Amino acid sequence: MDPVAVIAVAFWAMLPAYVPNNAAVLVGGGRPIDNGRTWRGARVLGDGKTWRGTAAGAIAGIALALVLNAVEPTVSGATGLPLPTFPPIAMVTLPIGAMVGDAAASFLKRRTGRERGAAFPGVDQFDFVLGALLLTALGAFEWFTATFTLPVLLVVLVATPLLHVGTNVIAYRVGLKSEPW
């Protein structure tokens with residue numbers, strides 16, 4: 001696969017995992033998943049992980065995967081790029097895995113004494129990606145291995161921090177986030 005195709009496949013395949021956290025920020029609020037519970041003196045997840053935000057993020061990712069499947073023949077035909085379609089299980093595991101990965105990072109932040117919104121370099125940029133990839137590898141292994149080849153995974157690992165920082169700075173500047181990370 002040529003470099004342009006590798007980049008296109010990486011971005012396309014990860015879109016259902018990239019969108020959920022952004023949707024959660026836009027729609028979030030409401031009752032925290034941990035209901036205010038603490039563990040070893042710190043909140044389990046914190047106020048930033050809500051049922052509404054998690055549900056909105058998962059639904060947004062699933063809806064995007066459905067849209068991508070619908071437009072894939074047209075986009076692939078027009079560009080000549082070998083873009084993947086998403087089997088039903090991957091439509092679900094990518095966004096839900098992203099949300100679970102993000103919640104796991106919040107759990108780690110609370111365990112290490114970081115407050116909500118505090119930077120956690122490395123974890124902040126890859127938590128949702130690792131969750132999405134792991135859950136998808138478990139749920140749709142054949143599709144995962146055919147889609148996420150080593151070059152595609154490398155692009156995901158390099159591009160994700162850049163995209164993450166860029167979208168967070170934009171969200172911060174328009175007032176959707178209280179910190180730029």
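Predicted model: local features only at pLDDT ≥ 70, side-chain atom pairs only at ≥ 80, totals over all residues.
**View 1. Segments annotated as "transmembrane region".** The unreviewed UniProt entry places this feature at residues 6–29, 50–68, 88–108, 128–146 and 152–172. UniProt positions follow the numbering used here, feature names are shortened, and annotations may be inferred rather than shown by experiment. Residues 88–108 are 100% helix and 0% strand, with end C-alpha atoms 30 Å apart. Helices (H or I, at least four residues) and strands (E, at least two) are DSSP runs, numbered from the N terminus.

**View 2. Helix α1 against helix α6.** Helix α1 (residues 3–27) packs on helix α6 (residues 150–173) at about 45 degrees, axes 9 Å apart. That angle makes α1 oblique to α6. Angles under 35 degrees count as roughly parallel, over 145 as roughly antiparallel, 65 to 115 as roughly perpendicular and the rest as oblique. Axes are lines fitted to C-alpha atoms, for helices over the stretch in contact; angles run from 0 to 180 degrees between N-to-C directions. On the α1 side, the contact includes Phe11, Met14 and Tyr18; on the α6 side, Val155, Leu163 and Thr167 are among the residues met. Contact means heavy atoms within 4.5 Å. The contact of α1 with α6 has 12 nonpolar, 3 polar and no charged residues. Ala, Val, Leu, Ile, Met, Phe, Trp, Tyr, Cys and Pro count as nonpolar, Asp, Glu, Lys and Arg as charged, and the others, Gly among them, as polar.

**View 3. Helix α1 against α3.** The two helices pack at about 50 degrees, axes 8 Å apart. α1 and α3 are therefore oblique to each other. Ala13, Pro16, Ala17, Pro20, Asn21 and Ala24 of α1 touch Leu94, Pro95, Ala98, Met99 and Asp102 of α3. By class, the contact of α1 with α3 has 9 nonpolar, 1 polar and 1 charged residues.

**View 4. An aromatic pair.** The structure holds 6 aromatic pairs. Trp39 and Phe107 form a stacked one, 5.6 Å centre to centre and 25 degrees between the planes. Trp39 lies in strand β1 (residues 38–39) and Phe107 in helix α3 (residues 88–111), 68 residues apart. Rings of Phe, Tyr and Trp (its six-membered ring) pair if their centres lie within 6.5 Å; planes under 30 degrees apart count as stacked, over 60 as edge-to-face and the rest as tilted.

Terms used
Residues numbered from 1 in each chain as written. Heavy atoms only, no water.
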